[in-house]
Amino acid sequence: MKTAIIIPALNEAGNIAELVRQTLAQPVDWVIVVDNGSTDDTAVLAKAAGATVVREARRGYGYACAAGTAVALNLNTDILVYMDGDFSSLPQEMPRLLAPIQADEADLVLGSRALGEIAAGAMLPHQKFGNWLSSRLMSRLYHIRVTDLGPYRAIRAATMHQLDMREMTFGWPTEMMVKVAKGNGRIREVPVSWHVRRSGESKVSGTLRGSILAGYYILGVTLKYAI
Ligand SMILES: Nc1nc2c(ncn2[C@@H]2O[C@H](COP(=O)(O)OP(=O)(O)OP(=O)(O)O)[C@@H](O)[C@H]2O)c(=O)[nH]1
Ligand SMILES: [Mg+2]
């Protein structure tokens, strides 16, 4: 099955080249880096490392993922994998995400950090609690069993085609999960590890504004589609 990796990246110049190289060493067909208006050399370094670079000027994690998704679907990929651009997830763990889709056992495979290993300092207490709480809520409301809302995940292209994604900022990952659940898609979790970003600055969980907004959107989107 053809596989495209989508890496949303905002000022990840210190991480992106090595991340792209390690990703290209995996069984993948395309590595798409979405440069979300970086003011550093993220785009140049990603391209030099072998990635297809897409530019999305509108700021927002969802906008970046949506832009990469459109390109990947156009390429007629069978599987889309999302991975952050800061090395918090490891490219070599990608086969774990791909296997259930390749075996036709799942439509959406979520990398769970709660089932895997979280490196010291890689997740702040409020983030662990927030993930636990929202996973419980989502499991209850959508009759699924999830333990985390992590960004490292794989989805079947045919499933992605049906989702009509609307959340273009912090709500994107949650929207994907609840819409697949509502469409009776098969959701599987696999353990993944989680690491401290290698270099550069946090835009979400390490900042007060990012944490509040992320929490607000995760809960808001979880409730919105439950009705
Ligand atoms: N927040 C945010 N992230 C973006 C955007 N566009 C791309 N990204 C990327 O989305 C990923 C997640 O953002 P991070 O800043 O790592 O957020 P985080 O993982 O909560 O924070 P750290 O734990 O410090 O890494 C990174 O690869 C960013 O470069 C954007 O508009 N906003
Ligand atoms: Mg990060």
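This note goes through the largest pocket of a predicted model and the ligand placed in it.

1. Residues are numbered from 1 along each chain as its sequence is written, and chains are lettered from A and ligands numbered from 1 in the order in which they are written. Because the model is predicted, local features need pLDDT of at least 70 and side-chain atom pairs count only at pLDDT 80 or more, while totals for chains, interfaces and linings use all residues; side-chain values use heavy atoms, with hydrogens and water left out.

2. The space taken by ligand 1 is the largest pocket, where a pocket is an open set of points on a 1 Å grid over the protein atoms alone, each fitting a 1.4 Å probe, with protein on both sides within 12 Å along at least five of seven lines. A molecule sits in a pocket if more than half of its atoms lie within 2 Å of its grid points.

3. The lining, meaning residues with an atom within 4 Å of a point, has 48 residues, and F170, K203, V204, S205 and A214 lie nearest the centre of the pocket.

4. Of the 16 residues around ligand 1, those that come nearest include E12, N36 and S202, a residue being near if one of its heavy atoms lies within 4 Å.

5. Among the polar contacts (pairs of N or O atoms within 3.5 Å), a nitrogen atom of ligand 1 is 2.7 Å from a side-chain N or O atom of N36. An oxygen atom of ligand 1 lies 2.7 Å from a polar side-chain atom of D86, and an oxygen atom of ligand 1 is 2.8 Å from a polar backbone atom of L10.

Definitions and conventions: Polar contact = N/O pair within 3.5 Å; in protein donor to acceptor, adjacent residues only side chain to side chain.
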